[in-house]
Amino acid sequence: MAEERTRQGKPADGTESHDPDFPEAFLAFMRQGWCDTELPVSPRPEAPDHAKRRAALAEAFPGETLVIPTGNEKVRANDTEHRFRPGSDFAYLTGDMEPDSVLVLRPGGDATLFMRPRSSRVTDEFFRSRHGELWVGRRPTLREKSTELGLPTADLSELDGALAELAPARTRVLRGFDARVDAAVRPYGGGRAEGRPGRDRELAVAISELKLVKDEWEIAQLQEACDATVRGFEDVARALPRDRGVSERLLEGVFALRARHEGNDVGYASIVGAGEHATILHWVHNHGATRPGDLLLMDMGVENRNLYTADVTRVLPVDGRFNPLQRQVYDAVHAAQQAGIEMCRPGVAFRDVHLASMRVLAEALRDLGLLPVSVDEAMDPASTVYRRWTLHGTSHMLGIDVHDCANARKENYREGPLGEGYVLTVEPGLYFQPEDELVPEELRGVGVRIEDDILVTADGPVNLSAGLPRAADEVETWLAEQREAGPRLPG
């Protein structure tokens, strides 16, 4: 890495093209008169949980070395960068939040975190480089980080040599996060042979499947994210006028304030769909405006400071009351969601959560006179015509990613059973497009989705986002109460 001259078009030493050529007198003056301080770090209480995950992963690949990078900062435009967000699998195994770091997990579970240490006063990096602490703040020393994470650390400059010593036949890399690491350890046995995925792919699969069952600490993180999300929805409701329009982006921004105040950020791009925009599943432009009499669909979640995210959707009547047709659609989706939630038990097939919700929606579409066939025919896998008005699946796993465990094998996820400790969304919806001539005109432009985050336990489903009401009457009452309370700043 030390020999690398550029990263994403920038000098590897952290200087910028527009940096001045400082006179020697200034440089000499900057190099003197600095005291040294230590950060008051202590071991994180969750460090043993991360250690257990690393041990379980090492046990899945006996005799092998596993290399897991976090990734690098990404260019947003020219010489500005996106706020760094660690790679999810790396964070799941270490708890570290700094860019460029790499975890090397050796046979038997011994691990080393290669990281960029604090700016040395031996060189001019501390005041000249974009990595320097006068520019980005104090970074931990190797010792401080090791104390915090309960994990041996090494200078990132030593990573090249460590990777060069690895035998490709006994090494797996989580690829696609750090081009330098990908290039340093060539793939071994990549591609598909005898129907099996390549060796590196198996590493990604194994991490995803470890993440299916949430431990006690992870469940607490998800509950924290859901509780903050509830407060974010309350903030939005308090800023939503009943008698005039406001921009979707205003409401998006109100929620984002809560997310940045209480967490790391929003867990994904917030969907704020007023009126017919509610029928667009991933509406993230948010350049519309609310209108009294319309519905407002909001799909938003706070990502907490340990990167666990909520994923919640609610639909509000802007003027405070659902009209009869809006309520009929809303009640149908609510009933479908309840049917799905009740299926969230250990041993139940993941797909059966979806099918339970979809049957209720198909029955509602029949009652609206929209199904061209019977409910049973519509539910037949050879037909599924009901999906014209619902389109998406009902659930996905949730955790340190909003679509968690995405690399898990289908037999252990989408075609497998639910297990105790799984957390998944349940989010059925009905969407009647403005251009759909097969629905009555008064239904066109109506979209409803209700989404909650459900923990699977031996005693039944637990709704982590139950702080927000779901039934139509309760939603109307809650909205009135929030408006009466008035706007607030996060405290």
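Leaving aside neighbours within four places in sequence, Asn463 is in contact with Asp452, Asp453, Ile454 and Arg470, where contact means heavy atoms within 4.5 Å. The model is a predicted one, in which local features need pLDDT of at least 70 and side-chain atom pairs count only at pLDDT 80 or more, while totals for chains, interfaces and linings use all residues. Residues are numbered from 1 along each chain as its sequence is written, and side-chain values use heavy atoms, with hydrogens and water left out.

Asn463 belongs to strand S19 (residues 460-463). Helices (H or I, at least four residues) and strands (E, at least two) are DSSP runs, numbered from the N terminus. The side chain of Asn463 makes a polar contact of 3.4 Å with that of Asp452. A polar contact is a pair of N or O atoms within 3.5 Å; within protein, one must be able to donate a hydrogen and the other to accept it, and residues adjacent in sequence count only if both atoms are side-chain atoms. A polar atom of the Asn463 side chain also lies 2.9 Å from the backbone nitrogen of Ser465. Asn463 and Ile341 are 122 residues apart along the chain, and their C-alpha atoms are separated by 8.4 Å.

The interior may be considered next. In soluble globular proteins, nonpolar side chains tend to be buried together. A nonpolar core is a set of buried Ala, Val, Leu, Ile, Met, Phe, Trp, Tyr and Cys residues joined through side-chain atoms within 4.5 Å. Buried means under 20% relative accessible area, exposed over 50%, and partly exposed in between (1.4 Å probe, protein chains only). The largest nonpolar core has 95 residues, of which Leu57, Ile68, Leu430, Phe432 and Val448 touch the most other members. Helix H10 (residues 216-238) supplies the largest share of this core, 9 residues. A second, separate core of 15 residues includes Phe350, Ala408, Tyr422 and Ile454.

Beyond its neighbours within four places in sequence, Leu57 is in contact with Leu66, Ile68, Leu93, Leu105, Leu203, Ala206, Ile207 and Leu210. Leu57 is one of the buried residues of H2, together with Ala47, Asp49, His50, Arg53, Arg54 and Ala58. The end C-alpha atoms of H2 are 20 Å apart, which agrees with the 20 Å that its 14 residues should span at 1.5 Å a residue. The expected span of a helix is 1.5 Å times one less than its number of residues. H10, with 23 residues, reaches 33 Å from its first C-alpha to its last, close to the 33 Å expected.

Aromatic rings form another set of links. Rings of Phe, Tyr and Trp (its six-membered ring) pair if their centres lie within 6.5 Å; planes under 30 degrees apart count as stacked, over 60 as edge-to-face and the rest as tilted. The structure holds 8 aromatic pairs. In one of them, Trp34 and Phe126 are edge-to-face, 5.5 Å centre to centre with 80° between the planes. This pair links distant parts of the chain, since Trp34 lies in the loop between helix H1 (24-30) and helix H2 (47-60), and Phe126 lies in helix H4 (residues 125-128), 92 residues apart. Trp34 is partly exposed, with a relative accessible area of 40%, whereas Phe126 is buried at 0%. The rings of Phe233 and Phe255 have centres 5.8 Å apart and planes at 70°, so this pair is also edge-to-face. It joins Phe233 in helix H10 to Phe255 in helix H11 (residues 248-262), 22 residues apart.

Arg121 lies over the face of Phe126, at 4.6 Å from the ring centre, and Arg53 lies over the face of Tyr92, at 4.6 Å from the ring centre.

Finally, two residues in the loop between helix H14 (375-379) and strand S15 (423-426) deserve attention. Leu391 has a positive phi of about 65° although it is not a glycine, and Cys405, also not a glycine, has a positive phi of about 60°. Leu391 is partly exposed, with a relative accessible area of 46%, whereas Cys405 is buried, with a relative accessible area of 1%.

Note on methods: Lys NZ or Arg CZ within 6 Å of the ring centre and 35° of its normal.
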